[in-house]
Amino acid sequence: MVFQLIICGAGKTGKYVISELVKAKEDFVVADTDPEKIKGLSPNVIFIEGDVTHDSVLRDAGIEKAKGLVATFPTDAKKHLSGCYCKEFKSQPENNNPVS
């Protein structure tokens with residue numbers, strides 16, 4: 001399955017982003033290390049358990065075809081690392097979508 005957006009983190013900020021995307025009927029997937037964080041959200045939200053600083057989790061989320069990634073982590077280090085992975089995937093020859 002291909003998702004337009006990957007939401008990294010389902011904490012306070014992530015939940016806000018998720019609720020807005022649900023209202024807008026956007027196509028997205030959420031990745032977080034804690035499956036408890038997804039409780040209470042729309043039952044239609046697709047969740048991947050894992051750390052997005054591991055490329056296998058981003059691959060599972062469909063980073064190769066996604067239009068964007070929203071990093072909602074509390075630390076800049078994780079945001080930066082997930083952004084680097086995203087850029088790496090998008091710069092591979094079979095992926096022509098620019099990272100914004």
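The lining of the second largest pocket divides into seven nonpolar, two polar and three charged residues; here Ala, Val, Leu, Ile, Met, Phe, Trp, Tyr, Cys and Pro count as nonpolar, Asp, Glu, Lys and Arg as charged, and the others, Gly among them, as polar. Twelve residues line this second largest pocket, and Val-22, Glu-26, Phe-28, Asn-44 and Val-45 are the closest to its centre. Its space comes to about 160 Å³. A pocket is an open set of points on a 1 Å grid over the protein atoms alone, where a 1.4 Å probe fits, with protein on both sides within 12 Å along at least five of seven lines, and lining residues have an atom within 4 Å of a point. Grid points are joined across faces, edges and corners, and the volume is the space filled by probe spheres set on the points.

The model is predicted: local features need pLDDT of at least 70, side-chain atom pairs count only at pLDDT 80 or more, and totals for chains, interfaces and linings use all residues. Residues are numbered from 1 along each chain as its sequence is written, and side-chain values use heavy atoms, with hydrogens and water left out.

The largest pocket holds about 200 Å³ of space. Of its 16 lining residues, Gly-9, Asp-32, Lys-37, Phe-73 and Pro-74 lie nearest the centre. Two or more lining residues come from each of α1 (12-23) and β2 (28-32); helices (H or I, at least four residues) and strands (E, at least two) are DSSP runs, numbered from the N terminus. By class, this lining has five nonpolar, six polar and five charged residues.

Turning to the sheet, four strands form an open arrangement in the order β3-β2-β1-β4, with parallel pairing; two strands pair if DSSP finds at least two bridges between them. At the edges are β3 (46-49) and β4 (68-71), each pairing on one side only. Strand β1 (residues 5-8) runs parallel to β4 and is joined to it by four bridges, with Leu-5 having Gly-68 as its bridge partner in β4.

Confidence is given by pLDDT, the predictor's value for each residue from 0 to 100. The chain has a mean pLDDT of 77, with 72% of its residues at 70 or more.
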